[in-house]
Amino acid sequence: MFEIGRLCVKIAGRDAGLKCIVVEVIDSNYVLIDGQTRRRKCNVKHLEPLDKVLKVKKGLAHEDVVKELKKQGIEVKEKIKRSKRTKEAKTEEKAEIKKEITKKQKTLKPKKQKRPEKKKEKTPAKPKKAEKKAKPESKPKKTVVKKAEAKPKKTPVKKAKAKPKAKKTTKASKTKVKTKKK
Amino acid sequence: MPAGKHKSRSMRRVYTKLTGSKVVIHYKKRKPSKATCAVCGAALSGVPRERPYKMQTMAKTKKRPSRPYGGVLCSKCMREKIKNV
């Protein structure tokens, strides 16, 4: 059943549902498979045979297996291996990132220099503001007069209110003092 | 005596040993029911039985088996589904 070149579907594990061919028969129970799955030893129970058998040599290399499967209309996606990053590589990456940031800042700085130029354009407009300021100066005079009028009115009222209170407190304090003396 | 809110068995009781050989009851919320296969209803293995706040902190690889239909179908039902396709 599981002869060399047999097309199979893997049923178990993380490669389940992927197609492969038998490359080598190791045992009555085990075969070597390759294709969309990883190239690995596999139990026959974990394979579901399909009806096609490819004419293939024993122990075919992975690249040739990919070509054979392509003829059958089965494309194999090559996994990109992640290289382990060493400490030196990490430090280099960080340095590169810093350089990029500094470059960006340098490019941004000239833009900032443009802003002061705009301010210079505004400077001729300043005298207008001065004129505007001159107008409000006249207003405060009126307000000062009003305040001056308002203040004296308010103050006597407060005093009037404050005085009776003071009297009351004094009376109460006197009475208290008397009681204490008794 | 337990507090009134702890008299009902809605909270699970956990006996904890303190230093000084004291045993105290801690009241904790009950765990959710087991995850089951969508086809046959069997309990799924490899899926932890924890409260959602703990599931959030866990890695994705720890929450379900890394195979097609992992965490949804049991392995038997998954195999049959692949065979039929």
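Trainee: At about what angle does helix 1 of chain A run to strand 3 of chain A?

Mentor: This is a predicted model. In it, helix 1 of chain A, residues 62–71, lies across strand 2 and strand 3 of the chain. Its angle to strand 3 of chain A is about 70 degrees.

Trainee: In what order do the 5 strands of the open sheet in chain A stand?

Mentor: The pairing in this sheet is antiparallel, and the twist averages 45 degrees from one strand to the next. Strand 4 (40–43) and strand 5 (47–53) of chain A each have a single partner strand, so one side of each has no neighbour in the sheet. These two strands stand at the edges, and the order is 4-3-2-1-5.

Trainee: How many bridges join strand 2 of chain A to strand 3 of chain A?

Mentor: Strand 2 covers residues 19–25 and strand 3 covers residues 30–35, and the two run antiparallel. A hairpin of 4 residues connects them. Among the facing pairs, A:V25 has A:V31 as its bridge partner, and A:V22 stands opposite A:I33. The number of bridges between the two strands is 5.

Trainee: Which residue in strand 2 of chain A is the bridge partner of A:C8?

Mentor: Strand 1 of chain A pairs with strand 2 of chain A in the antiparallel sense, over 3 bridges. Leaving out residues up to four places away in sequence, A:C8 touches several residues, including A:I21, A:V22 and A:I33. The bridge partner of A:C8 in strand 2 is A:C20.

Trainee: Does A:I11 count as buried or partly exposed?

Mentor: A:I11 is in the loop between strand 1 and strand 2 of chain A. A residue needs 20 or more other C-beta atoms within 10 Å to be buried. A:I11 has 19 C-beta neighbours inside 10 Å, so this residue counts as partly exposed.

Trainee: How far apart in space are A:I11 and A:E48, C-alpha to C-alpha?

Mentor: Setting aside neighbours within four places in sequence, A:I11 is in contact with A:A16, A:H46, A:L47, A:E48, B:R79 and B:I82. In sequence, A:I11 and A:E48 are 37 residues apart. Their C-alpha separation in space is 6.6 Å.

Trainee: How many residues on the side of chain A that touches chain B are nonpolar?

Mentor: The contact between the chains involves 8 residues of chain A and 8 residues of chain B. On the chain A side, 2 are polar and 2 are charged. The nonpolar count on that side is 4.

Trainee: What pattern does chain B follow along the sequence?

Mentor: Chain B has 2 helices and 2 strands. Its average pLDDT is 92, and 100% of the residues score at least 70. Read along the sequence, the pattern is β-β-α-α.

Trainee: Is B:S21 buried or exposed?

Mentor: B:S21 is in the loop between strand 1 (11–18) and strand 2 (22–29) of chain B. Its phi is near 55 degrees, a positive value in a residue other than glycine. Most residues other than glycine have a negative phi. With 6 other C-beta atoms within 10 Å, B:S21 is exposed.

Trainee: And B:Y69, is that residue buried or exposed?

Mentor: B:Y69 also has a positive phi, about 65 degrees, and is not a glycine. This residue is in the loop between helix 1 (52–57) and helix 2 (75–84) of chain B. There are 20 C-beta neighbours inside 10 Å, so B:Y69 counts as buried.

Trainee: What percentage of the residues in chain B are buried?

Mentor: Among contacts in chain B between residues at least 6 apart in sequence, 23% join residues at least 24 apart. Chain B has 85 residues, and the buried share is 5%.

Trainee: What ipTM does the model score?

Mentor: Two scores are given for the model as a whole. The pTM is 0.55, and the ipTM is 0.73.

Conventions:
Residues are numbered from 1 along each chain as its sequence is written. Chains are lettered from A and ligands numbered from 1 in the order in which they are written. This is a predicted model: local features need pLDDT of at least 70, side-chain atom pairs count only at pLDDT 80 or more; totals for chains, interfaces and linings use all residues. Two residues are in contact if their C-beta atoms, placed from the backbone, lie within 7 Å. Ala, Val, Leu, Ile, Met, Phe, Trp, Tyr, Cys and Pro count as nonpolar, Asp, Glu, Lys and Arg as charged, and the others, Gly among them, as polar. Two strands pair if DSSP finds at least two bridges between them. Axes are lines fitted to C-alpha atoms, for helices over the stretch in contact, and angles run from 0 to 180 degrees between N-to-C directions. A residue is buried if 20 or more other C-beta atoms lie within 10 Å of its own, exposed if 12 or fewer, and partly exposed in between; C-beta atoms are placed from the backbone. pLDDT is the predictor's confidence in each residue, from 0 to 100.
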